[in-house]
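Work through these exercises with the model open beside you. Try each task before you read its solution.

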Amino acid sequence: MPSSALINVMLTAARKAGRSLARDFGEVEQLQVSLKGPANFVSAADHRAEEIIHAELSRARPGYSFLMEERGEIKGDDPTHRWIVDPLDGTTNFLHSIPIFSISIALEREGELVAGLIYNPATDETFTAEKGKGAFINDRRRLRVAARSELAASVICTGVPHAGRPGHDLFLKELRAIMAASAGIRRTGSAALDLAWTAAGRFDGFWERDLRPWDIAAGMVILREAGGYMSDANGKDRILEEGTIVAGNETIHAKLLKLLKAAGANATPEAKAASAN
Ligand code: 2AM
Ligand code: CA
């Protein structure tokens, strides 16, 4: 299916920022051996990509508002449209020369997510979706979530709470429950790609807590258009507000939710309070 004008605008911005990220990714390995503080370099790469995306999207759609990982909220003249942008999701991978990172761009119209794009410059894979029009990889092949219904045959992806973040104890309880019930657990380090890969049927399901809107907004559109089901950990619709997502096809989503709820009920009050922070 040929891309719409809107998807083309998002693609142009992502590809331009992707070229900048790909160049910087090539430098990271050198910096790592030269002990020159690659973290600062990666942070600069992140900012460069965000600037490019901001400039490109502003040029193509003047007045739209932004919510960006680095620059935060930027109010435009048009309050009905807002881009939600993560210029580099999977920062830790990027810093370690692991080619699993992405650019994530979503468009919100009157508070509703209507388009999403996730681009991995290292593999040149692009995942796109528009509300009601389906989800695609590289503009060609239609995406569909995996059809498996048995957790025992399913590969489930997750994200691990970072050092200094709450929820380690609860996560370990959830992990114990899901690893005992599934065929295997994966962790990529880019929540945006986790959702794209679940939409593509590579992962049968995904759950993660403590995420921000720019990590998941585009992935939510892509997953929904690929026939996926998703909710927060309470089975409710407050994914962006809670920063928690549980996803898969209808059956796997329901089974994951049930196991996660049971694991949560098992957790200490301290663990539950920490994960709610
Ligand atoms: P980032 O790479 O843009 O930081 C990995 O589990 C996911 O968590 C990634 O999407 C990552 O986005 C996000 N994340 C949120 N907070 C983080 C943190 N403090 N450190 C690293 N990744 C974080
Ligand atoms: Ca991110």
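**Exercise 1. In which strand is Asp86 found?**

Solution. Start with the ground rules. This is a predicted model, where local features need pLDDT of at least 70, side-chain atom pairs count only at pLDDT 80 or more, and totals for chains, interfaces and linings use all residues. Residues are numbered from 1 along each chain as its sequence is written, chains are lettered from A and ligands numbered from 1 in the order in which they are written, and side-chain values use heavy atoms, with hydrogens and water left out.

Step 1. Find the element: Asp86 sits in strand S3, residues 78–89. Helices (H or I, at least four residues) and strands (E, at least two) are DSSP runs, numbered from the N terminus.

Step 2. Check a distance. Asp86 and Ala217 are 131 residues apart in sequence. Their C-alpha atoms are 9.5 Å apart in space.

**Exercise 2. Find the protein donors of the calcium ion (ligand 2) and describe their spacing.**

Solution. Step 1. Donors are N, O and S atoms within 2.8 Å of the metal (3.2 Å for Na, K and Ca); water is not among the atoms, so sites may look incomplete.

Step 1. List them. The protein donors are Asp86 (OD), Asp89 (OD) and Asp215 (OD). They lie 2.1 to 2.2 Å from the ion.

Step 2. Read the spacing along the sequence: D-x2-D-x125-D.

Step 3. Are Asp86 and Asp89 buried or exposed? Buried means under 20% relative accessible area, exposed over 50%, partly exposed in between (1.4 Å probe, protein chains only). Asp86 has 0% relative accessibility, so Asp86 counts as buried. Asp89 has 6%, so Asp89 is buried as well.

**Exercise 3. Describe the lining of the second largest pocket.**

Solution. Step 1. Know how space is found. Rolling a probe the size of a water molecule over the atoms shows where empty space is left. Here a pocket is an open set of points on a 1 Å grid over the protein atoms alone, where a 1.4 Å probe fits, with protein on both sides within 12 Å along at least five of seven lines; lining residues have an atom within 4 Å of a point.

Step 1. Give the volume: about 260 Å³. Grid points are joined across faces, edges and corners, and a volume is the space filled by probe spheres set on the points.

Step 2. Name the residues. The lining has 13 residues, and Glu112, Leu113, Met220, Val221 and Arg224 lie nearest the centre of the pocket.

Step 3. Trace the elements. Strand S5 (112–120), helix H6 (213–225) and helix H7 (239–242) each supply at least two lining residues. H6 has the largest share, four residues.

Step 4. Sort by type. Five are nonpolar, one is polar and seven are charged. Ala, Val, Leu, Ile, Met, Phe, Trp, Tyr, Cys and Pro count as nonpolar, Asp, Glu, Lys and Arg as charged, and the others, Gly among them, as polar.

**Exercise 4. Is Glu110 buried or exposed?**

Solution. Step 1. Locate Glu110 in the loop between strand S4 (102–109) and S5.

Step 1. Its relative accessible area is 65%, so Glu110 is exposed.

Step 2. Look at the backbone. Phi of Glu110 is near 45°, a positive value in a residue other than glycine.

Step 3. Now take Asn138, which has a positive phi of about 50° although it is not a glycine. Asn138 is partly exposed, with a relative accessible area of 27%.
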